[in-house]
Amino acid sequence: MKLLISMLVSLILSLPAAAGSKVIATGGSTSIEGAAGGGIVPWAVINGYASSGQWSVNSFTSRVGVDDFTLQNFGIGASYNNQWEVSLTRQKFNLDTMGGDLQQDVFGLKYHITGELLYTQQPQISLGLQYKKHRNSGLPLAVGAQKDSGTDVYIAASKVYFGAVAGRNLLLNATIRATKANQIGLLGFGGANHNSYQYMLESSAAILLRPDLAVGIEFRQKPNNLAFADEAHWRDFFVGWFINQNFSVVGGYVDLGSIAGLAQQQGYYLALEATF
Amino acid sequence: MKAATFSGLWLSLGLSVMILFALSGCSQTVAKDQLYQQLGSGAGIEKIVDGLLVEIENDPQIVHHFRDTDIARFRKLLIEQLCELSGGPCKYTGVSMQESHTGFKITQADFDNLVRHLMKVMTEQHISTSAQNQLLGLLAPMYGDIVYR
């Protein structure tokens with residue numbers, strides 16, 4: 001046991017040297033579904049600091065706490081060549097006041113098609129998919145979802161504009177997602193109102209006060225498939241600190257609107273990430 | 001009501017971004033050599049380049065590209081280039097970026113490393129964040145002429 005701990009400690013101490021070449025913060029944070037991005041929106045950036053010919057691994061945990069619900073996420077990811085990103089995330093959704101909980105797994109894949117976040121006039125553009133599956137299909141089917149699994153496909157464009165806002169760098173991101181998911185899939189996929197893919201717009205804007213410190217806002221448009229309760233668009237405001245190439249922390253305020261008939265779900269967002 | 005307040009917050013943030021945009025547009029009408037001054041004029045740029053040379057020397061990822069480079073000449077040309085680029089009273093006398101990097105097979109990782117070194121050196125020399133960003137913004141478009149040539 002002692003040996004194991006000392007091995008782990010020396011591993012952790014030796015790993016930071018393995019961080020890649022990318023500039024601080026350009027791997028983004030990890031969004032709630034495991035993709036590199038902001039808090040609720042996947043960006044075109046590839047997770048971690050692996051540049052050309054390099055690879056990186058990352059792990060993250062995040063928590064969204066609103067009036068009547070808590071969403072806890074944790075996952076691992078890897079990237080190669082600043083081009084490919086894979087991630088595996090488990091989401092635990094607690095219905096704090098209604099009682100009960102559910103779990104959903106998300107497998108994420110992202111491919112950086114063209115453009116470079118910092119260096120090209122054209123934004124960095126990536127194509128991604130998220131396959132989501134419930135561990136127990138009871139609750140989503142009970143609220144009227146057609147399925148307990150689904151695949152989102154998205155295309156994201158991200159770009160940093162140097163010195164654009166009072167001398168600070170500005171990151172803009174726009175993502176278009178094709179989805180059937182109800183409340184990002186936590187309440188299943190499809191419903192009585194709508195049971196086919198719809199395009200949703202998601203966007204983020206962040207100002208880098210320093211290269212390692214970002215403040216930003218996000219918006220995520222949502223479908224409204226279920227008959228039993230209206231679904232609202234999501235918004236957040238966040239502050240992200242990229243402590244070094246290995247650790248980052250993001251805190252935020254989220255407004256998730258109405259969830260499962262309970263209105264005005266607002267609260268906090270907190271994410272921790274480790275990248276090697 | 002809480003939701004309305006939050007939407008208001010969001011809107012006001014958006015508005016402040018737009019106002020800041022407008023302000024930053026105005027501030028760009030100042031002296032042509034403002035960035036050059038912010039980098040510490042000739043002496044400051046020389047210090048930046050010397051700091052960068054030290055970083056390159058200690059970086060096994062990129063130092064090999066400079067194996068056959070006349071460092072004194074490289075230093076002089078880079079100083080000229082940063083001086084001219086920042087609005088200073090210099091003229092870059094070297095060849096084009098594309099010409100000077102062809103055959104070196106510089107990768108994105110090499111380029112990223114150089115950008116990080118430059119940021120580190122500028123921070124160590126207390127160059128303001130906005131001046132750093134402005135210089136990086138002038139250098140970034142050279143990416144296409146430098147990598148994978």
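1. Let's start with chain A. In this predicted model, chain A contains two helices and 14 strands. Its radius of gyration is 18 Å, close to the 19 Å that the globule rule gives for 276 residues, so chain A is as compact as a globular protein of that length. If you like to picture a box, the C-alpha atoms of chain A fill one of roughly 55 × 50 × 30 Å, taken along the principal axes.

2. Of the 276 residues in chain A, 51% are buried. If you take the contacts in chain A with a separation of 6 or more, 58% of them come from residues 24 or more positions apart.

3. Chain B is built from other elements. It has eight helices and zero strands, and its pattern along the sequence reads α-α-α-α-α-α-α-α. Buried residues account for 23% of the 149 residues in chain B. As for contacts in chain B between residues at least 6 apart in sequence, 75% of them join residues at least 24 apart.

4. Now to where the two chains meet. Chain A puts 31 residues into the contact and chain B puts in 28 residues. On the side of chain A that touches chain B, the elements giving two or more residues are β8 (149-165), β9 (168-179), β10 (198-210) and β12 (234-242) of chain A. The largest share of that side, four residues, is from β8(A). Sorted by class, the side of chain A that touches chain B holds eleven nonpolar, 14 polar and six charged residues.

5. The buried residues are B:Thr129, B:Ala131, B:Gln132, B:Asn133, B:Gln134, B:Leu135, B:Leu136 and B:Leu139. What covers the buried residues of α7(B) comes from both chains: it includes β8, β9 and β10 of chain A, together with α2 (34-38) and α6 of chain B.

6. Within chain B, have a look at how α3(B) sits against α4(B). Helix α3 (residues 41-57) of chain B packs with helix α4 (residues 71-85) of chain B at an angle of about 135°, and their axes are 9 Å apart. That angle makes α3(B) oblique to α4(B), and the crossing of the pair is right-handed. On the α3(B) side, the contact is made by B:Gly42, B:Ile45, B:Glu46, B:Ile48, B:Val49 and B:Leu53; on the α4(B) side, by B:Ile71, B:Arg75, B:Leu78, B:Ile79, B:Leu82 and B:Cys83. By class, this contact of α3(B) with α4(B) has nine nonpolar, one polar and two charged residues.

7. Helix α3(B) also packs with α6(B). Here α3(B) and helix α6 (residues 108-124) of chain B are at an angle of about 130°, with their axes 9 Å apart. This makes α3(B) oblique to α6(B), and the crossing of α3(B) and α6(B) is right-handed. From α3(B), the residues B:Ile48, B:Gly51, B:Leu52, B:Glu55 and B:Ile56 meet B:His117, B:Leu118, B:Lys120, B:Val121, B:Met122 and B:Glu124 in α6(B). The class make-up of the contact between α3(B) and α6(B) is six nonpolar, two polar and three charged residues.

8. A:Ala205 is partly exposed, because it has 19 other C-beta atoms within 10 Å, whereas a buried residue needs 20 or more. A:Ala205 and A:Thr30 are 175 residues apart along the chain, and their C-alpha atoms are separated by 16 Å.

9. The other is B:Pro141, in the loop between α7 (129-139) and α8 (143-146) of chain B. B:Pro141 is also partly exposed, with 13 other C-beta atoms within 10 Å; to count as exposed, a residue would need 12 or fewer. From B:Pro141 to B:Leu53, the separation is 88 residues in sequence and 22 Å in space, C-alpha to C-alpha.

Technical notes
Residues are numbered from 1 along each chain as its sequence is written. Chains are lettered from A and ligands numbered from 1 in the order in which they are written. This is a predicted model: local features need pLDDT of at least 70, side-chain atom pairs count only at pLDDT 80 or more; totals for chains, interfaces and linings use all residues. Axes are lines fitted to C-alpha atoms, for helices over the stretch in contact, and angles run from 0 to 180 degrees between N-to-C directions. Angles under 35 degrees count as roughly parallel, over 145 as roughly antiparallel, 65 to 115 as roughly perpendicular and the rest as oblique. A crossing is left-handed if the near helix is turned anticlockwise from the far one by less than a right angle, and right-handed if clockwise. Two residues are in contact if their C-beta atoms, placed from the backbone, lie within 7 Å. Ala, Val, Leu, Ile, Met, Phe, Trp, Tyr, Cys and Pro count as nonpolar, Asp, Glu, Lys and Arg as charged, and the others, Gly among them, as polar. The radius of gyration is taken over C-alpha atoms; the globule rule is 2.2 Å times the number of residues to the power 0.38.
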